[in-house]
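Please read them with the structure open.

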Amino acid sequence: MSSGNAPRSKGTRQQLTKGMEHMRSVVTVPVDANTTTDSDESNAYGVPSTFAPIRKPAQRPQNELKRTDPFQFGSRYLEEGDDIFEFNAWDHVEVSAEYQDFALTQYEKQRADPVSDFDKRKYNEDPAKWWNKFYGTNNANFFKNRKWLQQEFPILGEITKEDSKPCVLLEVGAGAGNTAFPILAMNKNPGLKIHACDFSKKAVELIRSNEAYDETYIQADVWDVAATGEASLPPGVTPESVDVVLMIFIFSALSPAQWDQAVRNIRTVLKPGGEVLFRDYGRGDLAQVRFKKGRWMEDNFYVRGDGTRVYFFEKEELEAIWGGGARQATDCSAKGSASPSTELEENGAAQVHEEQGTNGVTNTDGEPNGEPNGHSEPEGAALEDLSVSGRDGHDSADASETPNFEIIDIGVDRRMLVNRQRKLKMYRCWMQAKFRKPLDGRATAI
């Protein structure tokens with residue numbers, strides 16, 4: 001190789017941030033010895049323009065086929081010979097054996113160098129403090145509006161129709177309003193009322209200062225979804241008054257000790273038959289795998305560089321948490337599952353950073369808007385002691401009091417995102433679910 005090529009090679013390697021450099025071997029694809037290419041550009045980072053996928057489906061649907069079942073997710077199957085840069089995301093892609101082995105090694109390294117007991121108390125005692133700092137630094141434009149929500153949860157399209165019945169929607173972890181305001185923008189239902197709650201005072205201030213904020217249709221308040229006693233209900237919300245609860249990347253911001261109380265509070269505000277629309281991080285997601293030392297709090301639970309926390313869930317684990325059963329966790333990164341798939345229009349393939357609201361929660365992974373823009377965290381083994389009391393200022397309730405929901409659907413949205421500019425591939429894993437409060441023979445939600 002001539003010396004004239006050296007600067008280009010060095011420049012290419014520098015496109016990975018320091019926080020991602022340790023993952024170079026699993027986010028890039030080595031060039032096949034038999035692969036020929038038309039130009040250096042088509043093989044930047046050693047990623048050929050075509051390569052054999054992890055698995056090949058029996059049949060390929062049309063790429064632009066509209067889904068009739070949201071929990072079937074996307075139809076962009078990667079087949080041998082496909083141009084991987086044709087789209088910025090491919091659906092139902094299982095992780096490679098190399099990635100799986102790398103992830104398991106990462107988890108061991110993470111557990112071997114955990115957050116200190118002092119810092120663990122610091123981050124758990126006042127999680128709202130860190131979200132206030134986050135929103136004090138980042139404005140409402142930090143996250144893109146979630147335009148994909150209606151596709152994933154069609155009920156949002158139904159309740160905003162002009163002829164729909166009056167409806168109360170509670171968004172937990174509303175952040176800066178990147179979910180609430182898009183819903184308001186498409187709303188034609190004069191009887192729709194959105195309660196946008198977040199435990200970050202700064203986030204609520206951002207919502208209230210938005211020019212689209214109209215208290216006729218939306219009310220923003222500070223509320224901790226895991227609060228107890230008189231604070232367990234959101235301001236202006238009475239028991240069994242809510243039709244739909246929206247929880248998008250917020251449950252992961254709670255510690256395991258807070259889950260039962262949060263589920264209990266959600267069940268209290270919902271009408272019989274009311275639904276919870278849920279989307280969050282899945283076990284083995286790139287955001288978890290890329291966590292390094294000093295971020296592990298407990299299995300699958302991490303703190304980001306900005307002090308905000310994040311947990312990564314498994315399908316069976318969510319079934320137990322929301323269905324009222326015993327909790328068990330398995331490794332999502334090591335196997336496939338029923339999968340969902342949304343158009344990641346908002347942050348695109350370059351971002352590992354998925355949006356969250358704060359307890360209500362919003363999320364940022366200590367990485368600024370660069371590489372994968374977001375959080376990365378490790379994966380964990382079995383969850384053994386989730387009934388510890390006293391963390392986060394909340395006492396765990398007796399397990400016998402844990403309320404149960406009907407599980408309408410739970411899917412694992414497993415995709416490979418592609419960064420065309422940097423020629424990178426990133427394995428993402430998200431959980432999507434719908435839960436319903438049992439009817440119990442009483443008046444139902446819409």
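**Notes on the predicted model**

1. Glu319 is partly exposed, at a relative accessible area of 32%; here buried means under 20%, exposed over 50% and partly exposed in between, with a 1.4 Å probe and protein chains only. Glu319 sits in helix α12 (residues 315–323). Helices (H or I, at least four residues) and strands (E, at least two) are DSSP runs, numbered from the N terminus. Leaving out residues up to four places away in sequence, Glu319 touches Gly324, Ile407 and Ile410, where contact means heavy atoms within 4.5 Å. Glu319 and Ile410 lie 91 residues apart in sequence, yet their C-alpha atoms are 8.0 Å apart in space.

2. On conventions: this is a predicted model, in which local features need pLDDT of at least 70 and side-chain atom pairs count only at pLDDT 80 or more, while totals for chains, interfaces and linings use all residues. Residues are numbered from 1 along each chain as its sequence is written, and side-chain values use heavy atoms, with hydrogens and water left out.

3. The protein has 12 helices and 11 strands. Of its 446 residues, 57% are buried. Among contacts with a separation of 6 or more, 77% are between residues 24 or more positions apart. The accessible surface is about 18,400 Å², and carbon and sulfur atoms hold 47% of that; the areas come from the Shrake-Rupley method with a 1.4 Å probe, and for residues only the protein chains shown count as cover.

4. Eight strands form an open sheet with mixed pairing, in the order β1-β10-β11-β6-β5-β2-β3-β4; two strands pair if DSSP finds at least two bridges between them. β1 (89–91) and β4 (218–222) are at the edges with a single partner strand each, so one side of each has no neighbour in the sheet. From one strand to the next the twist averages 20 degrees. β1 runs antiparallel to β10 (residues 406–419), and three bridges join them. Asp91 stands opposite Arg415 in β10.

5. Helix α10 (residues 259–269) lies across β2 (167–172), β5 (242–248) and β6 (270–281), at about 140 degrees to β6. Axes are lines fitted to C-alpha atoms, for helices over the stretch in contact, and angles run from 0 to 180 degrees between N-to-C directions. Because 10 of the 11 residues of α10 are buried, the helix is largely enclosed by the rest of the structure. Its cover includes β2, β5, β6, β9 (309–311) and α12.

6. How do α10 and α12 pack? Their axes are 10 Å apart, at an angle of about 55 degrees. The two helices are therefore oblique to each other; under 35 degrees counts as roughly parallel, over 145 as roughly antiparallel, 65 to 115 as roughly perpendicular and the rest as oblique. Trp259, Val263 and Ile266 of α10 meet Glu317, Ile321 and Trp322 of α12.

7. The largest nonpolar core has 52 residues, and Trp90, Leu156, Leu169, Ile194, Ile207 and Ile218 have the most contacts inside it. Such a core is a set of buried Ala, Val, Leu, Ile, Met, Phe, Trp, Tyr and Cys residues joined through side-chain atoms within 4.5 Å. Beyond its neighbours within four places in sequence, Leu156 contacts Leu149, Leu169, Ile183, Met186 and Leu277. A second, separate core of 39 residues includes Cys197, Trp223, Ala262 and Phe301.
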